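Here is a briefing on the structure below. Topics are grouped for quick reading.

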Amino acid sequence: MTGEAFQQEAVVDAPLIPFDEIVVKTNTLCDKMPRYDRDGVFVGGCDYVPVAEAEITNKHGCYEYENNMWRSQPPRMSDEVVLKGAQRLGEHAGAHSLQDMRVIRHGGEPLLDSAEQVDWFSTTVRTGITTQSPDTNVHMGIQTNGLALAKEGKDGDKLAVLKQHNYQVGLSLDGDREAQDRHRTGPRGESDYDKVVYAAKLLRDSGVTWGILCVIDTDNDPVATVKSLASHEPGSISLLLPHANHSVLPQPGAMSYGDWQIAAFDWYYDQPAESRIAMPIFDSYMDVLLGGLSKHEGVANRKTQELFMLANGYYQRVDTIKSTEPGAVATGMSIFEHSMDDVARSDPGIIARRLGNAGLAKECLECPLLKPCSGGYYPHRFKSGKHRIKITDPVEVFADAFRHPTIYCDDQLKLIPHMASRMEDDLGIHRGTLVEALAGV
Amino acid sequence: MGMNTLTPVAEVAFVAPEVQVRTTPEALGGVVTSDTFELGGVETPRSLSPALERSLGRVADEMVIGDNPNENANGSVMAFQSSI
């Protein structure tokens, strides 16, 4: 048995790590789905896809990741699936005595559902969990493009339901008008920036907890972008790297992703105490540099505790892995036949992602930034092999496909030492102290 | 910048021994101010970035009271974030 295989077996035998964040794909469709003309030319909609792929295939947006799994999904989650899913959540929370469980509505666009449907879903899920696990605190979240909220206005029923169930809302907004219109137009290519900004105002005025999720485009000025986002007074701003990997490269732009993030970090780091805006990704890096834990799925070597439930009732690994290969994201297991413990115990993709250092590339293990970086965000480590990954492949195949430094490695090598230096200067300690201390742990 | 007159409940040494935080009941909860901040055990009034103060507070919480690593103090984080 090789050393790696031994470690993997040890992981399988280790105590089961429960899932405490469940992302529920309640809606498959979206009101910003990409549209094409009769000649197949992209007209409008959300066009996030690695640019190399888009240029080759003229396929745009999350709907066109090559697996196209959404085509096999029902338009929305049925009541039967919600009821069974809620039972599975409660079963899992109870079995592991979870203190907290977060349930996030995702899509597609999860606010295509009516207010009554969102209300019923929220009550059903909460009841399903607390009936079997009375001590679990249930936190509801949702990720939206905001158009449905803007359409209803300040007295809208959907906004009221989000408030009633104490939803934490993520709004997709990429910066100012020019930035937003680069990738997130309406389906006919029209700007819907004003509608999204109106949704931001509604969220701010409603008192719900909300934040902005922004995908970085380095053609947008970093400081102008974060200033524009901050002007809407969200509780948080998360700056996300576009999905890319060793087989589908990142979009080149006006500056490197590392320099872009450094400029944004400096803006955040220098904000006065009165500023109430958090930047969770930067916060997690700072926490890890101080010896704390990452609270963000994309930062450091956090063993994934996220699981997806699809509209048809199948479990899925974290959705962003769709940006790699079809077999890398599907589990082939359903809520009607399998418990969440079954997934944690036997899904090779989940097990591979929880390998810790055994899942990292040799150059990462030898890197001084091993602890704070840990190879970077998991989907960004992917490299295609000779054969496409299949659901039935063993753990080793999954592990090998992701055992590479992030495609954003050069950017990480700039960003993390810069963050550490700012903190060290502030603390009055020698530069390099934090990274060196982490390396010695 | 005045010295803290509250009784410390714990002293937290971070991964870098040069950084220590003397926590107080007020600090537990995610707020570390210059009043509860010490360098190498020597009380040193120093103006910190508010973002760094909050980070020190969160990590001190983890070390002292074992906060749930997935539960953000201000409730603003979903660990999985994808805006696509």
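**Core and overview**

The largest nonpolar core holds 117 residues, and those with the most contacts inside it are A:Cys214, A:Tyr285, A:Leu289 and A:Met419. A nonpolar core is a set of buried Ala, Val, Leu, Ile, Met, Phe, Trp, Tyr and Cys residues joined through C-beta atoms within 7 Å. A residue is buried if 20 or more other C-beta atoms lie within 10 Å of its own, exposed if 12 or fewer, and partly exposed in between, with C-beta atoms placed from the backbone.

This is a predicted model: local features need pLDDT of at least 70, side-chain atom pairs count only at pLDDT 80 or more, and totals for chains, interfaces and linings use all residues. Residues are numbered from 1 along each chain as its sequence is written, while chains are lettered from A and ligands numbered from 1 in the order in which they are written.

**The sheet of chain A**

- Nine strands of chain A form an open sheet with mixed pairing, in the order 8-7-6-5-4-1-9-10-11. Strands (E, at least two residues) and helices (H or I, at least four) are DSSP runs, numbered from the N terminus. Two strands pair if DSSP finds at least two bridges between them.
- Strand 8 and strand 11 (330-334) of chain A are the edge strands, and each pairs on one side only.
- Neighbouring strands of this sheet are turned by 25° against each other on average, direction ignored. Axes here are lines fitted to C-alpha atoms, for helices over the stretch in contact, and angles run from 0 to 180 degrees between N-to-C directions.
- Strands of a sheet pair through backbone hydrogen bonds, either parallel or antiparallel.
- Strand 6 (residues 168-172) and strand 7 of chain A run parallel and are joined by five bridges. In this pairing, A:Ser172 stands opposite A:Leu213 of strand 7 of chain A.
- Strand 7 (residues 209-215) and strand 8 of chain A also run parallel, with five bridges between them. A:Gly211 has A:Ser236 of strand 8 of chain A as its bridge partner.
- Between strand 7 and strand 8 of chain A, the chain passes through helix 9 (residues 222-230) in a right-handed β-α-β crossover. Right-handed means that, with the strands pointing away from the viewer, the path from the first strand over the helix to the second runs clockwise.

**Strand 8 of chain A**

- Five of the five residues of strand 8 (residues 236-240) of chain A are buried.
- A:Ser236, A:Ser238 and A:Leu240 point one way, A:Ile237 and A:Leu239 the other, and all are buried.
- In a regular strand the side chains alternate between the two faces of the sheet.

- A:Thr225 lies in helix 9 of chain A. A:Thr225 counts as buried because 25 other C-beta atoms lie within 10 Å.
- Not counting residues up to four places away in sequence, A:Thr225 touches A:Gly175, A:Ala179, A:Cys214 and A:Asn220. Contact requires C-beta atoms, placed from the backbone, within 7 Å.
- A:Thr225 and A:Ala264 are 39 residues apart in sequence, and their C-alpha atoms are 8.4 Å apart in space.
- A:Ala264 is one of the buried residues of helix 10 of chain A, which include A:Trp260, A:Phe265 and A:Tyr268.
- Helix 10 (residues 257-269) of chain A has 13 residues, so at 1.5 Å a residue it should span 18 Å; its end C-alpha atoms are 18 Å apart, which agrees. The expected span is 1.5 Å times one less than the number of residues.
- Helix 11 (residues 280-289) of chain A has 10 of its 10 residues buried. Among them are A:Tyr285 and A:Leu289.
- Leaving aside neighbours within four places in sequence, A:Leu289 is in contact with A:Pro372, A:Met419, A:Ala420, A:Met423, A:Leu434 and A:Leu438.
- Just after helix 11 of chain A, A:Gly291 takes a positive phi of about 95°.

**Backbone points to check in chain A**

- A:Gly107 and A:Gly108 are joined by a cis peptide bond, with omega about 10°. A:Gly108 is in the loop between strand 4 (100-106) and helix 4 (115-132) of chain A.
- A:Ser97, a residue other than glycine, has a positive phi near 45°. A:Ser97 is exposed, with 10 other C-beta atoms within 10 Å.
- A:Ser374, also not glycine, has a positive phi near 55°. With 25 C-beta neighbours inside 10 Å, A:Ser374 is buried.

**Chain B**

- Chain B has one helix and four strands, in the pattern β-β-β-β-α along the sequence.
- Of its 84 residues, 44% count as buried.

Definitions and conventions: Two residues are in contact if their C-beta atoms, placed from the backbone, lie within 7 Å.
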